[in-house]
Amino acid sequence: MKKILIIEDDKSIRKELSKLLEDAGYKSIILESFENAKEDIIKVNPDLILLDINIPYINGEMLLLELRKSSNVPVIMVTSRNSQADEVLSMSYGADDYIVKPYNPTVLLLRINSIFKRIEKTNNIVTYKDLSINLQKGTISNNEVEIVLTKNEMIIFNYLLNNQNKIVTRDELMTDLWNNSEYINDNALTVNISRLRSKLKEVGYDNIIETRKKIGYILL
Amino acid sequence: MKLSKYLKDKLLPISLFFVMYFIILLILFAFKVQTLLICYISIVIFTFNIIFLLISYFRKKSFYDNFLLNIKGLDKSYLVLETINKPKFYEGEILYDSLYEINKSMIENVKNYEFQMNDFREYIEMWIHEVKIPISSLILYAHNHKDIIDKNLVYQMKKIEDYVNQVLYYVRSENAEKDYLIKENKLDKIISDTLLKNKDYLLENNINLIVDNVNYSVLTDSKWIEFILNQIINNSIKYKKNNTDSYIKITAEDLNNKTILIIEDNGIGIPLSDISKVFNKSFTGTNGRIRSKSTGMGLFIAKNLCNKLGHKIYIKSKENEYTKVYITFSKDNYYEVLK
């Protein structure tokens, strides 16, 4: 399980952030005191850090600069400072991403996920049961047939796959699609899901995407 | 400085001189002085008086002409004192010294306001960062407790955030300081971030989005332009037509020296009589009065920000048919060379 360290001085935010991460299947650790932030980070040895800029004792940007002298852990700056100058500065200090508060929680999770994917350089082939899914080509295949998914169908299937056995809301799917510049509406999402289902049926997996009424979908 | 006007100004001393000359003549005639001597005396008196007049005229003329020319030439005429030498005649000295004192007191006064403005601006910026923390917290809370929290709450939070941002950018746009950073930004990323932020609002209003041909890089500040785009899209949603399939179409045109971003909608449009005023401060127009309450600040701030960033923004519209907003980003050749 990936360890994510939250460096944030607002207690209410870090509590909710921690819950968000835990629900998404990460282990979250909260940094409680900021006096020896750098040493504490190294001790915790996280897989990723969510770092606020306005923290006590040391400015987040300075902390990042210090940290980069001894560690390459991915860092996402999370801040209410909505300025390009701060963003450029943070990135030049070695941040991997910069997110402005208030943010869409699903977007934050997508960004975290994409950083992990980038680091692990996961090859473009993932598997689901005996299906192999080629993300680059946009195909799913069992031993006999290969079926081509559209970009939208692939985004939806990939999201469901990443959250297998968890309920995924329509809103989350919509956010991922819009995040990939596919600005579709509610009806189109329904159509895409039913097409995806029938394509999955063709490769022998009927009813693996179940509808949970008024909540969303679940990939079994 | 004109000689005729100068002489007119000296009318009193000149007429006194003629009175004096007339008296001298009378005296000379009374003492039966020779006519030739009278002529000589007259010539001397006239020559020296004319020389005196001309010298004092040209001394003043050279100072005042230079002074007036510099005032005209400067776009900040209060700096004129820096461009002239202290004059060598008495009245000029008085003028020069007074202007110096007046300038000083004005600068102190302006500085005072600047400090106050800066303090205020800093406070507003700080306050906005502060208020965004509880907003973030509430959005996270709502996300984590979807089962008990109505989606409307998130939507209301987004509205609060938009209003808060409007204040932030109003302060930024009114401020003389340069607090933006221009660099190359991907247009499609800017558009996607803005649309993602408005996703729920757009979906709820059943607005179809057509985003096409926007894979260009533009020189801008991404945060500022996102705010501008957000204002425009919010207007499109606010002024959509009921009972039709509404759409917002975002496209770009890449020309030799500029890139034009076009945001088009098929909303209620803007009446011809209003179109020239939409960027005015506090202008709400017919639409703003009929539809939901409008502050008339959104486009005003957008225009101000565009001016600062060096972008052009303009609107074409036909009532009941469409509204098209154009934003042009110029390309910097110097920047191309650096790459």
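Between chain B and chain A, eleven residue pairs are in polar contact, counting pairs with both residues at pLDDT 80 or more. The model is predicted.

**The contact between chain B and chain A**

- On the side of chain B that touches chain A, two or more residues each come from α4 (90-144), α5 (151-174), β1 (183-186), α6 (187-197), α7 (199-204), β2 (208-212) and α8 (222-238) of chain B.
- Helix α4(B) gives the largest share of that side, eleven residues.
- By residue type, the side of chain B that touches chain A holds 14 nonpolar, twelve polar and 13 charged residues.
- In total, 39 residues of chain B and 37 residues of chain A take part in the contact.
- About 3200 Å² is buried between chain B and chain A, and 59% of this lies on carbon and sulfur atoms.
- Within chain B, the residues that lose the most area to chain A are B:Leu140, B:Leu196 and B:Lys223, which together make up 20% of what that side buries.
- Four salt bridges are counted between chain B and chain A.
- B:Lys199 makes a salt bridge with A:Asp171, with 2.5 Å between the closest N and O atoms.

**The five-stranded sheet of chain A**

- Strands of a sheet pair through backbone hydrogen bonds, in either a parallel or an antiparallel way.
- Five strands of chain A make an open sheet with parallel pairing, in the order β2-β1-β3-β4-β5.
- At the edges are β2 (27-30) and β5 (97-100) of chain A, each of which pairs on one side only.
- From one strand to the next, the twist of this sheet averages 20°.
- Strand β1 (residues 3-7) of chain A runs parallel to β2(A), and four bridges join the two.
- A:Lys3 has A:Lys27 in β2(A) as its bridge partner.
- Helix α1 (residues 11-23) of chain A lies across β1, β2 and β3 (48-51) of chain A, at about 160° to β2(A).
- Helix α2 (residues 37-44) of chain A also lies across β1, β2 and β3 of chain A, and runs at about 165° to β1(A).

**The three-stranded sheet of chain A**

- Another open sheet in chain A has three strands in the order β10-β12-β11, with antiparallel pairing.
- Its edge strands are β10 (167-169) and β11 (209-212) of chain A, and each pairs on one side only.
- The twist here averages 35° from one strand to the next.
- Strand β12 (residues 216-219) of chain A is joined to β10(A) by three bridges, and these two strands run antiparallel.
- Opposite A:Ile167 stands A:Ile218 in β12(A).
- Helix α7 (residues 170-179) of chain A packs on this sheet and touches β10 and β12 of chain A, with its direction at about 60° to that of β10(A).
- Helix α8 (residues 186-202) of chain A lies across β11 and β12 of chain A, at about 145° to β11(A).

**Strand pairing in chain B**

- Five bridges pair β2(B) with strand β4 (residues 247-254) of chain B in the parallel sense.
- B:Leu209 stands opposite B:Ile248 in β4(B).
- Strand β4(B) also pairs with strand β5 (residues 258-265) of chain B, in the antiparallel sense and over seven bridges.
- B:Lys249 stands opposite B:Glu264 in β5(B).
- Three residues lie between β4(B) and β5(B), and the two strands form a hairpin.

Technical notes
Residues numbered from 1 in each chain as written. Chains lettered and ligands numbered in written order. Predicted model: local features only at pLDDT ≥ 70, side-chain atom pairs only at ≥ 80, totals over all residues. Heavy atoms only, no water. Pairing = 2+ DSSP bridges. Axes fitted to C-alpha atoms, helices over the stretch in contact; angles between N-to-C directions. Contact = heavy atoms within 4.5 Å. Buried area = accessible area lost by both parts, 1.4 Å probe. Salt bridge = Lys/Arg side-chain N within 4 Å of Asp/Glu carboxyl O. Polar contact = N/O pair within 3.5 Å; in protein donor to acceptor, adjacent residues only side chain to side chain. Nonpolar A, V, L, I, M, F, W, Y, C, P; charged D, E, K, R; others polar.
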